[in-house]
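Hello! Here is the structure I promised to pass on to you. Please have a look at it first, and then read my notes below.

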Amino acid sequence: MPYVYNVGQNFRWNMIQSSTATPFFAEGGTIYASSDGGANWGKVTPNASYFANSTGINYFISYPDGQPFYLNPEYNTWEPLPKISLSSIMPGINGSFVIGIESSSSDLVLYNKGSAKWDVLKSDCKSIYYDYHFDTYCVICGEENTLYYVSSPGILNIVRSNVKCVSSVSGIFYIVDSNTNEIFQIELFPNYSEIFVGNNGGMLAGTNTNIYNLDQNSSIVYCYTGSSDVWEPVANEAAYISACSSCQSLTLVNSESNSLWLYTDTPWDWRLIKENIIIGGVTWGNKIYCIVEEKPLLTHAELNNIIENYAPILYFNSGEKYFMCNVSYFLENCWIIDLKNPDKKTQANLSNLPQGQSNASNYQLVEKDTSVRGGNINSAVSYVHVLELEDVLEIQFWFLYGYNGAGFGKIECKVAGHGYDTGNFSLAPMGEHEGDWEGVTLRFDLERLKATGAISAKPTMVGFCQHGNRQWIDYENVERSGKQIVVYPSLYGHASYPQAGDFTHDKHGIDNVGITLLFEIVDQADKGPVSFNCAHPGNFQVVSASCLGAERPMEPEWLNFWGRWGASNKVPPTDLILDNIFRENPSLPEGLLRSLLKAELNAALPTAWTEEQDGPRSLKNQSQWNGIH
């Protein structure tokens with residue numbers, strides 16, 4: 001028996017059971033929202049099978065895995081609830097708890113934010129309905145289709161059996177009897193009573209003045225005002241209806257075209273507002289939400305083909321000693337540290353990392369010992385994120401290193417007519433930190449990709465991640481091996497460069513009486529004996545790619561860990577750095593330069609290097625992950 005979805009007076013999606021309605025839940029799609037009656041639509045999130053809202057907090061269930069997410073209002077990011085697979089979800093009015101139906105068991109489950117876990121309330125649950133007027137849930141469960149109302153989280157009260165669906169109008173409930181398809185007006189409070197009002201009940205939706213019924217035996221929608229005791233036809237060819245009390249409007253999905261229509265009261269007429277609908281309805285005020293069927297931009301096979309053709313080949317510096325590794329290897333060698341209780345250490349693994357951006361400042365990963373620093377190039381993996389932006393598609397390759405070594409610098413100066421050039425020297429311990437995320441991005445023209453298809457896909461630009469930014473170069477102008485781009489990670493710091501050589505940044509100059517000085521940070525890249533080909537089988541893993549539609553991978557839990565992937569460190573004292581500089585460069589006139597160089601470093605290094613001393617931010621907290629820079 002297929003499931004469809006209905007929005008009643010509660011402004012939320014509600015699942016009801018019908019033996020004749022189209023099974024809209026068959027596949028997921030993209031959620032769109034409109035605040036102007038369907039004139040303009042904005043994309044909310046792709047790959048969704050269900051949507052709900054409570055007091056401005058949005059929830060959705062991802063397709064096909066059934067994982068529920070909520071939109072964190074503080075950060076405006078989607079964060080997962082504790083792992084579960086749901087077919088529907090309904091949040092409490094204040095957002096303190098959520099109930100849903102578990103996909104495989106049909107158990108009614110409750111998530112209370114205080115306990116941070118899912119508890120089973122009732123087995124064999126078929127639908128959930130929320131009434132805003134009384135702030136109460138109604139659920140239909142069991143072989144006898146018994147209707148319950150939830151007076152408080154976890155407390156179910158029996159109303160009656162043989163109920164197919166329920167809706168409400170300003171606190172007055174309507175039900176359809178599952179045996180007779182008769183429609184009854186009922187009162188739950190203070191005592192139960194019911195009045196027969198109609199036949200052929202199929203699907204109900206209520207505004208604040210009217211109840212609507214999608215006829216059980218036809219595709220006709222009828223309106224019942226209650227004052228005339230007459231059901232008036234208002235539409236035909238309907239497969240699904242939903243309503244919203246705050247704007248007295250009804251939405252309908254056309255059974256022939258799967259298009260979404262809006263029925264407004266001023267004037268009373270129908271207006272086409274969206275096509276290719278999977279689920280459509282109205283939620284929370286006058287904001288319309290719908291789930292739209294969209295053809296995936298790429299198939300999994302097409303994405304793999306692009307990766308195999310164009311993925312980067314990395315050539316490491318001949319002096320490199322801190323190599324890539326896979327996430328599992330890194331976590332095996334790390335503790336999870338709760339910064340509120342730093343003495344407590346928990347062995348990290350792929351399934352126990354704290355989830356969500358709200359935990360970003362509370363937890364970090366810390367190496368158990370220094371053995372992880374060398375990485376494990378033989379089992380390393382490049383992690384692929386596919387991001388669809390307004391006019392480009394980005395295929396991002398991310399690399400995890402066990403350690404980020406010290407930076408390098410050089411000084412060129414002239415003192416009293418004498419020139420000095422130090423060459424490259426170590427800035428240890430400046431720049432050293434546990435863990436290191438780096439990356440390379442391929443950009444494709446989105447319009448061309450949609451027009452010509454994946455078979456002729458070719459990158460237009462390549463982005464090389466370098467200290468929080470990306471250097472963009474035309475694909476035709478980068479070094480390639482066949483079609484694959486060639487990348488040179490810098491020594492110890494692993495910034496990505498398009499060719500071998502020395503690359504300077506963070507330049508700081510001094511021009512004093514009789515003294516000129518230029519201090520630069522240097523990244524060194526060359527073509528050493530160790531390489532890593534991201535296109536080889538087993539060398540890449542697609543971890544996030546909404547453009548694949550139903551074929552998209554389920555994001556691994558580690559991807560939603562927002563804490564730092566390494567311990568936080570203090571910026572080393574400037575005098576320690578200066579001691580190293582003059583020890584490695586004894587020809588420099590320390591007496592003349594030390595005070596000037598110290599003043600320059602004191603001004604520059606705290607801002608230029610503070611981020612370089614901490615373990616890296618999580619991938620989702622990197623600006624490049626989100627298509628910035």
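Let me begin with how the elements are named: helices (H or I, at least four residues) and strands (E, at least two) are DSSP runs, numbered from the N terminus. Please keep in mind that this is a predicted model, so local features need pLDDT of at least 70 and side-chain atom pairs count only at pLDDT 80 or more, while totals for chains, interfaces and linings use all residues. Residues are numbered from 1 along each chain as its sequence is written, and side-chain values use heavy atoms, with hydrogens and water left out.

First, the overall picture. The protein chain has five helices and 49 strands, and its C-alpha trace spans about 105 × 55 × 45 Å along the principal axes. Of the 629 residues in the protein chain, 57% are buried; buried means under 20% relative accessible area, exposed over 50%, and partly exposed in between (1.4 Å probe, protein chains only). A contact means heavy atoms within 4.5 Å. Among the contacts in the protein chain with a separation of 6 or more, 57% are between residues 24 or more positions apart.

Next, the charges. Lys and Arg count as positive and Asp and Glu as negative, while His and the chain ends are not counted. The place of a charge is taken as NZ of Lys, CZ of Arg, CG of Asp or CD of Glu. The protein chain has 38 positive and 67 negative side chains, and the centres of the two sets lie 5 Å apart.

A search of the whole structure finds 16 salt bridges. A salt bridge here is a side-chain nitrogen of Lys or Arg within 4 Å of a carboxyl oxygen of Asp or Glu. Here are some that you can look up:

- Glu367 pairs with Arg373, with the closest N and O atoms 2.7 Å apart. Glu367 counts as buried because its relative accessibility is 11%, whereas Arg373, at 23%, counts as partly exposed.
- Glu520 and Lys507 form a salt bridge at 3.5 Å, N to O. This pair links distant parts of the chain: Glu520 is in strand S47 (residues 515-525) and Lys507 in strand S46 (residues 501-512), 13 residues apart. Glu520 is buried, with a relative accessible area of 6%.
- Glu590 and Arg594 form a salt bridge at 2.9 Å, N to O. Both are in helix H5 (residues 590-609), and because they are four residues apart, about one helical turn separates them. Glu590 is partly exposed at 36% relative accessibility, while Arg594 is buried at 19%. Salt bridges that share partners join Asp575, Asp579, Glu590, Arg594 and Lys598 into one network.

Now for a residue without such a partner. Where is Asp614 placed? Asp614 lies in the segment after H5. Asp614 is buried yet has no salt bridge, and Arg564, the nearest side chain of opposite charge, is 4.2 Å away. Leaving out residues up to four places away in sequence, Asp614 touches His433, Arg564, Ala567, Ser568 and Asn569.

Finally, the surface. Glu390, Asp391, Asp445 and Glu447 form a negative surface patch; patches are made of residues with over 30% relative accessible area and no salt bridge, with like charges joined within 9 Å and nonpolar side chains (Val, Leu, Ile, Met, Phe, Trp, Tyr) within 5 Å. Accessible areas come from the Shrake-Rupley method with a 1.4 Å probe, and for residues only the protein chains shown count as cover. Glu447 is in helix H3 (residues 446-452) and counts as exposed, at 66% relative accessibility.

Best wishes, and enjoy exploring!
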